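Look at the model first, then read on.

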Amino acid sequence: MPLQRHEALRALSRDHHVALQLARAIQSKGDPRLRAELPADGQQLAAHVQRVFSRELAAHFEVEDSVLAPMVAGQDTALDRIVSEIESEHAEMMELAAGLAGASSSPEALEQRLDRLGAMLESHVRREEREYYERIQEVLDEAALDHLGEVLQRHLDVKSPSEL
Ligand SMILES: [Fe+2]
Ligand SMILES: [Fe+2]
C-alpha cells in the first residue's frame with residue numbers, strides 16, 4: 001500500500017492493512033468476500049467489530065496519539081493540522097465502535113453505523129498513508145526518523161503480548 005515507507009513507520013503501516021481490511025468488510029459497498037468472513041448475526045457482528053477496535057486498533061491509535069504525534073508536533077504547520085484532525089477522528093471512531101452493540105438489534109441501524117465507521121476508517125487510513133506519514137518523512141531528517149523508529153519500536157514491543 002505505501003509507496004516508500006520509511007523503516008521507522010513500517011510497523012504502524014502494517015497495522016493499516018488490518019484496518020483497511022476491516023473497513024472494506026463492514027461497508028455495504030465494500031468487499032463481499034471480506035464481509036462473508038465476518039459473523040452474519042447482527043449482535044455477533046457488532047461484537048466482532050468492537051473487539052477488533054478494542055484489541056487492535058485502540059493500541060494503534062494510542063501509539064499514534066501518545067508517541068508519534070508529540071514527536072512530530074511543532075515542526076510544520078501542515079503536519080500539526082493533520083495531527084489534530086487525526087486525533088479527533090480516532091476518538092470519533094472509538095465512540096462509533098462502542099455504540100455498535102446498541103444499534104445491533106436493528107439491522108438497518110447497524111448497517112448505517114457500520115457504513116459510517118467503515119468509510120471513516122478507510123479514509124482515515126488512506127489519509128495517514130498519503131498525507132500524514134508522507135509528510136513526516138518529508139519534514140524529519142534521517143536521524144530524527146531513526147530515533148522515531150526506535151521509540152515507536154519500544155512502545156510496540158511492550159504492547160504486542162496484550163494484543164493476542
Ligand atoms: Fe490513525
Ligand atoms: Fe494509523
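## A bend in helix 3

Helix 3 covers residues 42-72 and bends by about 45° at leucine 57. Here the bend is the angle between axes fitted to the seven residues ending at a residue and the seven starting there. Helices are DSSP runs (H or I, at least four residues), numbered from the N terminus.

This is a predicted model: local features need pLDDT of at least 70, side-chain atom pairs count only at pLDDT 80 or more, and totals for chains, interfaces and linings use all residues. Residues are numbered from 1 along each chain as its sequence is written, while chains are lettered from A and ligands numbered from 1 in the order in which they are written.

Which residues of helix 3 are buried? They are Leu45, Ala46, Val49, Phe53, Leu57, His60, Phe61, Val63, Leu68 and Val72. A residue is buried if 20 or more other C-beta atoms, placed from the backbone, lie within 10 Å of its own; it is exposed if 12 or fewer do, and partly exposed in between.

Proline 70 also lies in helix 3. Proline 70 is exposed, because 11 other C-beta atoms are within 10 Å. After helix 3 comes glycine 74, with a positive phi near 75°.

## Helix 3 against helix 4

Helix 4 covers residues 77-98. Helix 3 and helix 4 pack at an angle of about 160°, and their axes are 10 Å apart. Axes are lines fitted to C-alpha atoms, for helices over the stretch in contact, and angles run from 0 to 180 degrees between N-to-C directions. The two helices are therefore roughly antiparallel (an angle over 145 degrees).

Helix 1 has 20 residues, 7-26, and should span 28 Å at 1.5 Å a residue; its end C-alpha atoms are 30 Å apart, which agrees. The expected span is 1.5 Å times one less than the number of residues. Its buried residues include Ala8, Leu9, His16 and Ile26.

Helix 6 covers residues 107-139. The axes of helix 1 and helix 6 come within 8 Å and cross at roughly 155°. Helix 1 and helix 6 are therefore roughly antiparallel to each other. Leu9, His16 and Ile26 are among the helix 1 residues that meet helix 6, where Leu114, Leu121 and Tyr133 are among the partners.

Methods
Parallel < 35°, antiparallel > 145°, perpendicular 65-115°, else oblique. Contact = placed C-beta atoms within 7 Å.
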